[in-house]
Amino acid sequence: MTDTPAKPNAKFTPRVFSGIQPSGNLTLGNYLGALKRFAAKQDEGVETIYCLVDLHAITVWQEPEALKRQTREAAAAFIASGVDPSKSILFNQSQVSAHAEMAWLLNCVARLGWMNRMTQFKDKVAGKNAENASLGLYAYPSLMAADILVYHATMVPVGEDQKQHVELTRDIAAKFNHDYGTEFFPSPEPLIEGTATRVMSLKDGTKKMSKSDPADASRINLTDDADTIAKKFKRAVSDPEPLPESAEGLTGRAEAKNLVNIYAALADVTQEQVLAEFGGKGWGVFKPALADLAVAKLSPISTEMARLRDDPAEIDRILGRGAEQARNIAQPILERAKDIMGMVRSTKDYL
C-alpha cells in the first residue's frame, strides 16, 4: 500500500493574508477584485488577516497628512464592504515592525536576478530614469513576501497582475527552507477567483479600471453617491450591437464583456446567467438595470464609509487592536526565523 503524499502546507494553520495600498480613491475594481472577496473569506473557516500596506505606499513620495487620511479611508472601505474586525484582523502595516524586520531577512535570501525580473517595477519606471526611483520601489517585492511569510499565510487573494509576487514569495520561502534545511515557511497559494477579478475602465474596456486615471468617468469610486454611480454606468462606453445570448458572443467586445462581468460579480451570478436574462436586448435596457444593481450594492458602502470617516478615532482604535493581534502572530515567527539563521537570542519565551 502506497502512502498518500502529504498535501502542501498541511502542517500550517490555514491562513489568508492580503493587503491594499492606502493611496486613496478605492474603486469598484478594488471592491470586486479584493474587498468583496475578503469579506467572503472570513466566513470560510480560515484565519483572515488584512493589511493597509502603508510601508509600500511610501516607496513613492506621500504627503504625510494625505497618507494618514487615505489610510483611514481605506480602513473605512474595508469595514463598509463587510470586513468585520471581530472576525478578521485589520491593521496598517507600519504598526507591526515584524514586517520590516522580516523583509530585511528575506532581502538576504532573495536574489538580485529575481528582482530584475519583476515586471511591475519595469512598468512603473518605463520611460523614466530608473536611477531616480527609490530603493524601496525596487525592493518592495521582498517586503511583500515578508508581509505574507511573517504570518505563515497559506493563501493570498490577488489579482492576475499580482500573481508574479506570490510566485516570488514561494521562491523565497523555498530557498530559505533549502538553505537552512527546514520546512519553516509554507508555500502560499495565490487565490484568483470570481467573475470580475480584473475590472476594466468604463471608458475603455481594454484598460484596467484605475484610481489614477485622470477621467473620473472611467471608474466608480467607492465614495460616489447613488446619482453619480447611476450616471457613470448609463454613460459607460458600449458598442452598437445588442447583448449576445452566449458568452462566446462577447469575444472581441471588450466594453460589453466588462459590463456583463460587473453585473455578474455584483449579482453573484455567472456570465451565462446574465446573458440568459439580457441576451438580445439593447443597452437601453441593460445599462439602467446595471445602474440600479450597482446603486443597490454600492451606495450603502459609500454611506457607511462617510459615517466611519467622521469618527477617525474609532478607525484608529480598530487598526490598533488589529495591529496587536497581528503582532501576536508575527513576532514569534520572526523570532524563530532569526533563531534558524543563527542570530543570538536572549530569550526562548516565544517558543
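Predicted model: local features only at pLDDT ≥ 70, side-chain atom pairs only at ≥ 80, totals over all residues.
Residues are numbered from 1 along each chain as its sequence is written, and side-chain values use heavy atoms, with hydrogens and water left out.

The pLDDT, which is the predictor's confidence in each residue on a scale from 0 to 100, averages 91 over the protein chain, and 93% of the residues score at least 70. Over residues 1-5, however, pLDDT stays under 50, and the model has zero contacts beyond four places in sequence for these residues, a contact being heavy atoms within 4.5 Å.

Helices (H or I, at least four residues) and strands (E, at least two) are DSSP runs numbered from the N terminus. Strand 1 (residues 15-20) is largely enclosed by the rest of the structure, because five of its six residues are buried; buried means under 20% relative accessible area, exposed over 50%, and partly exposed in between, with a 1.4 Å probe and protein chains only. Strand 1 runs parallel to strand 2 (residues 47-52), to which six bridges join it, strands being paired if DSSP finds at least two bridges between them. Ser-18 has Tyr-50 of strand 2 as its bridge partner.

Together with helix 1 (residues 28-41), strands 1 and 2 make a right-handed β-α-β unit; right-handed means that, with the strands pointing away from the viewer, the path from the first strand over the helix to the second runs clockwise. Helix 1 is mostly covered, with twelve of its 14 residues buried, including Leu-28, Tyr-31 and Phe-38. Helix 1 also has a kink of about 30° centred on Ala-34, where the bend is the angle between axes fitted to the seven residues ending at a residue and the seven starting there.

Helix 13 (residues 312-340) has 29 residues and reaches 41 Å from its first C-alpha to its last, close to the 42 Å expected, the expected span being 1.5 Å times one less than the number of residues. Helix 13 bends by about 30° at Arg-327 and is followed by Gly-342, whose phi is positive, near 95°.

Leaving aside neighbours within four places in sequence, the residues in contact with Arg-219 include Asn-25, Thr-27, Asp-213 and Asp-224.
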